[in-house]
Amino acid sequence: MTNLMNFSDILEMSKDKNKKLYEICELLEAENTEISVEEIRNKTGVILEAMKSAIKSGLESDEKSTSGMCGDDCARLISMYKNSKSLFSVLHQKILTYSLATIEQNARMGKIAACPTAGSCGIVPSVIIAVSEELKTNKDREIDALITAGLIGKIVSNKLALAGAVAGCQSECGVAAAMAAAAIVELYDGTNIQIINAAALTLKNIMGLVCDPVAGLVEIPCVKRNAFLSIYAVVGAELALAGIESVIPIDEIVDAMKQVGEMMSPKLKESSEAGLATTPTGLKITEELIQKWNN
Ligand code: SF4
């Protein structure tokens, strides 16, 4: 897809051609890569299977990561749900557990699909798979949703590097949440405008999120952040499906995120020199890990 493409262009194109956003994305991708739409969908299906496999493995494990900082939160949640104690619907429970299952697999060095990054890998798969199960939809629709999510990530990435080291966590988990919100709207047969609004509302409200991982590992706060932002995506989708629009157009929101990312101190961009990483507890954990790994 051309790097000049922004959200207003793509909406205009979808209107002219009377197609859904995922269909426009497939056509542009086919044109640029010279592979057929069918092959693009097949490749997307392979990624989808990797996501499902990560969820399955994660749901079956309570193994801690090498650091010992995480790995058993998903199991804890499942155990609570078995006892029927929950504020959430079954759909929300699934989203939370699928999200934690995936990101904990990442922390264990298991196989995941980065979406858009490894640190945010739980958000998009959790909503696509859980919502698809809820709607009893088929793989084709899951692929439509994943391509929709990919389109959002791709267009944002034309302006904003999707890396905590460049623009903070707003560009990793924040963008993943926007991608996920868009995917949910697609699964619920929302309009193209609603898809873009879901992404816009989500991005707008996550702006400025810093990247401050304890000991430089993608574990604290990353693991629990995936769970939080998966649910956050549901809020973005719900508002958009109700017809609620973002007053600030999405292209302007991405420009603002870029500006905020540039203004963010390097200490809050994956260097672990501020924020949670330098709290007394964060520093204590870091010191203990250094000692453990030096012995
Ligand atoms: S806090 Fe940093 S390392 Fe963790 S998920 Fe966010 S961007 Fe990635």
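Modeller: Happy to! Let me start with terms: helices (H or I, at least four residues) and strands (E, at least two) are DSSP runs, numbered from the N terminus. Axes are lines fitted to C-alpha atoms, for helices over the stretch in contact, with angles running from 0 to 180 degrees between N-to-C directions. Please keep in mind that this is a predicted model, where local features need pLDDT of at least 70, side-chain atom pairs count only at pLDDT 80 or more, and totals for chains, interfaces and linings use all residues. Residues are numbered from 1 along each chain as its sequence is written.

Now to the pair itself. Helix H9 (residues 173-187) and helix H11 (residues 222-241) have axes that come within 8 Å and cross at roughly 45°. That makes H9 oblique to H11, since angles under 35 degrees count as roughly parallel, over 145 as roughly antiparallel, 65 to 115 as roughly perpendicular and the rest as oblique.

On the H9 side, the contact is made by Cys173, Ala176, Ala177, Ala180, Ala181, Ile184 and Val185. H11 brings residues including Arg225, Leu229, Tyr232, Ala233 and Leu241. Two residues are in contact if their C-beta atoms, placed from the backbone, lie within 7 Å. By class, the contact of H9 with H11 has 14 nonpolar, three polar and one charged residues. Here Ala, Val, Leu, Ile, Met, Phe, Trp, Tyr, Cys and Pro count as nonpolar, Asp, Glu, Lys and Arg as charged, and the others, Gly among them, as polar.

Next, the ligand. Cys173 is also among the residues around the ligand, along with Gly119, Ser120, Gly164, Cys169, Glu172, Cys211, Pro213, Val218, Pro221, Cys222 and Glu270. A residue is near a molecule if its C-beta atom, placed from the backbone, lies within 6 Å of it. This shell divides into seven nonpolar, three polar and two charged residues.

One of those shell residues, Pro221, has a backbone detail to look at. A cis peptide bond joins Ile220 and Pro221, with omega about 10°. Pro221 sits in the loop between helix H10 (192-204) and H11. For comparison, most peptide bonds are trans. Another cis bond runs from Cys115 to Pro116, with omega near 0°, and Pro116 is in the loop between H5 and helix H6 (123-135).
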